[in-house]
Amino acid sequence: MELPASFVDYTRSLLGEEEYEKLAVALQQEPPVSIRFNNEKWKMQDEGLSAVHSPFDRVPWSSEGVYLDERLTFTFDPLFHAGCFYVQEASSMFVEQALRQYIKEPAIMLDLCAAPGGKSTHARSVLPEGSLLVANEVIRNRSQVLAENLAKWGHPDVVVTNNDPADFSALPSFFDVILTDVPCSGEGMFRKDPVAIEEWTPENVEICWQRQRRIIADIWPCLKPGGILIYSTCTFNTKEDEENVRWIQQEFGAELLPLEVREEWNITGNLLKDESTGTVHLEGIPVYHFFPHKTKGEGFFLAVLRKPCIETDENETKKAWETINSQKSAISKSTIARAAKKKGKHAGKGVPSVAKELMDVARSWVRDIGNYSLLTDAETVYAFPNARLEELEALRQNLKVIQSGVSVGEVKGRDLVPAHALALCPVLLRDGAFVVEDISYEQAIAYLRKEAIVLPAAVARGFVLLTYRGVPLGFVKNIGNRANNLYPQEWRIRSGYLPEELRIL
C-alpha cells in the first residue's frame, strides 16, 4: 500500500514519528474481521448465544460483538441472511457506549447517514424498549439496502427514510438522539478500501470538513433541547474531527460529554494542539480516536455532545413547539385508525381498501396485536407500534418514508400472502401462526436462491414457515408436489455454485 505523501506528512506531524511508524506498519496488515450477534434471533436456538460466543474473542466495547479468526463465506451462510448477525467493523461498535451511558429512557433517535445499516441495527439492539429509530439515507439505492438490512434485523420500532439532511428542518425539536456518522475522507478505512486511498487528497479533506458542518447545521434544530448528538467519522485528521467538534461547541453552545472507557481499550484522546503553545491538551476534552496500531479495528472517531436545555432564541423555540403540537393535534391515533379503516390507505394515497377478512387474517399472525396498529399502503399491510403512531404520521407528512414498522402481508387476489419481513421479526410473529418446517443446509441455500423446494409429504398444504437451525428463513406456499418459493426476488443469492471450502457459523 502506497499512502499519499500529503497524508503521510500530515499524520506524522499529528502523531509524532514513533506513533506514525507504528500506524504505517498496521496499515499494511490484514484488517480484523468482526461481527455483531442479534440476540433476539439466537434465543430461538438450543445452543443459545453464549455457546456461539465462546470460541471467539469479544469486542471489548460491544456486548454482542466478536472477532473472527478468518473471514467466513457470509453469502452462503443462511444465518447471515436470517439476520442472526451483522458484519460490522469493530471500532464503529463503540457507538454502543454512547447510547448505553446516556440514553436510559425510551427515545426517538435519528441515524442520519445510516446506510448500509451497521450502526442502525446496532442502535436498535441497545436502545431502551419503546424507543423509535429513524434510519435515513440520502442516496436512493443505498436506502433500499438499508431497508433490507433493517428488515433482516427484525424490529418493528423502525422507520426508514430517504432524505437530504436539510429536509429534516420540517421537524424541529423532534429527536432525542441524533447520530451523525458523517461522510468523510475515509483515512481510517485505507487498509480495507483501496479506493479510499485513491480518492484521498488535501482538497478532499477541506471539502469534507465543510460538508460535515453544513450537515450539522441542517440537523441541529431537529434535536430537542437537552438532546444528544453523536458525531463520528472514520478518519484521523483533526480538521474533520476535533476542529468540527470545537465548532459545534462554539456555534451552538453544545456541551461535550465524557464516556467511561477502560484503559486496556487503548483509545486515543484529543489530538488538537494548542495554537499558542503547540502542545496537546489531553485533559478536559473527551473525544475518542481509534487507531489500528493501538485498537483491534479500523480508524474511527467519536464525540458526544448535548444540546443546551434552554434555547437562546425564545421565538424560535416557541415556533418549534407550536409546530410539533399542531402536528400532534391533527394526527391523533383515532384519526389514523379511521383513515386506515375507511379508505384502506395511509398518508392520502387513495388506494383500494383491504377486505376485513384479510385484515383479520393479518391480525391472527401478529403477536400481542393490541400493541400494534395494522396500517395499509397500497396492497401491503404492515404493523406499527401504537405508542409511536403520532411520530410516524409526522414523519410521513414531512419526509420520504420508504419503510415503516414491519410488513405483515401483501394482498394477491383473494389471499393475503405473508411478508418476508414478518418471518424475520421474532418480536412480531405469533407462535403457532404458521406450520413450521426446519430444513437442511442444502435446502436453505436452494431457498435463498429462490429455487423450488420440495417438502415432506406429511407437511400441511398452505403457507409454511421455513426455519434453519431453528431460526426463521422465510415462507413458502406448499401445494403438495412442490412448494412455491416466496423469498424476495431482489434478495436472492445469485451465485449458482458453492465455494470449495465453506466457512460458516
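Which residue in β7 is the bridge partner of Ala-135? The bridge partner is Val-160. This report starts from that pair and then moves through other parts of the chain. The model is predicted.

## The chain as a whole

The chain has 505 residues, and 55% of them count as buried. Its secondary structure comes to 17 helices and 21 strands. Consider the contacts with a separation of 6 or more: residues 24 or more positions apart account for 74% of them.

## Around strand β7

Strand β7 covers residues 158-161. Both of its faces are covered. Val-158 and Val-160 are buried on one side, and Val-159 and Thr-161 are buried on the other.

β7 pairs with strand β6 (residues 132-136) in the parallel sense, over four bridges. β7 also pairs with strand β15 (residues 401-404), here in the antiparallel sense and over three bridges. In that pairing, Thr-161 has Val-401 of β15 as its bridge partner.

β6, α8 and β7 make a right-handed β-α-β unit. Helix α8 spans residues 140-153 and contains Lys-152.

Is Lys-152 buried or exposed? Lys-152 is buried, because its relative accessible area is 8%, under the 20% cut-off. Leave aside its neighbours within four places in sequence. Lys-152 is then in contact with Lys-41, His-81, Ala-82, Gly-83, Leu-424 and Trp-491.

## Pairings compared

| Strand pair | Sense | Bridges |
|---|---|---|
| β2 and β3 | antiparallel | two bridges |
| β6 and β7 | parallel | four bridges |
| β7 and β15 | antiparallel | three bridges |
| β19 and β20 | antiparallel | seven bridges |

Strands of a sheet pair through backbone hydrogen bonds, either parallel or antiparallel.

## An antiparallel sheet

Four strands form an open sheet in the order β2-β3-β1-β4, with antiparallel pairing. The edge strands are β2 (57-58) and β4 (85-87), and each pairs on one side only. Strand β3 takes in residues 65-68. Arg-58 has Val-66 of β3 as its bridge partner.

Helix α7 (residues 118-126) lies across β1 (33-37) and β4. The helix runs at about 35° to β1.

Helix α6 covers residues 95-102, and its buried residues are Val-95, Glu-96, Gln-97, Ala-98 and Leu-99.

## A mixed sheet

Another open sheet of four strands has the order β18-β19-β20-β21, and its pairing is mixed.

Strand β19 takes in residues 462-468, and strand β20 takes in residues 471-478. Tyr-468 stands opposite Val-471 in β20. Helix α17 (residues 441-448) lies across β19, β20 and β21. The helix runs at about 70° to β20.

Helix α10 (residues 202-219) packs with helix α11 (residues 242-252) at an angle of about 35°. Their axes are 11 Å apart. The crossing is right-handed.

Which residues make the contact? From α10 come Trp-209, Gln-212, Arg-213, Ile-216 and Ala-217. From α11 come Glu-243, Asn-244, Trp-247, Ile-248 and Phe-252. Six residues of the contact are nonpolar, two are polar and two are charged. Spacing along a helix matters in reading such lists. An α-helix has 3.6 residues a turn, so residues three or four places apart point the same way.

## The end of helix α15

Helix α15 covers residues 389-398 and includes Asn-398. Asn-398 is partly exposed, with a relative accessible area of 27%. Asn-398 and Ser-169 are 229 residues apart along the chain, yet their C-alpha atoms are separated by 9.2 Å.

How values were computed
Residues are numbered from 1 along each chain as its sequence is written. This is a predicted model: local features need pLDDT of at least 70, side-chain atom pairs count only at pLDDT 80 or more; totals for chains, interfaces and linings use all residues. Side-chain values use heavy atoms; hydrogens and water are left out. Two strands pair if DSSP finds at least two bridges between them. Contact means heavy atoms within 4.5 Å. Axes are lines fitted to C-alpha atoms, for helices over the stretch in contact, and angles run from 0 to 180 degrees between N-to-C directions. Buried means under 20% relative accessible area, exposed over 50%, partly exposed in between (1.4 Å probe, protein chains only). A crossing is left-handed if the near helix is turned anticlockwise from the far one by less than a right angle, and right-handed if clockwise. Ala, Val, Leu, Ile, Met, Phe, Trp, Tyr, Cys and Pro count as nonpolar, Asp, Glu, Lys and Arg as charged, and the others, Gly among them, as polar. A crossover is right-handed if, with the strands pointing away from the viewer, the path from the first strand over the helix to the second runs clockwise.
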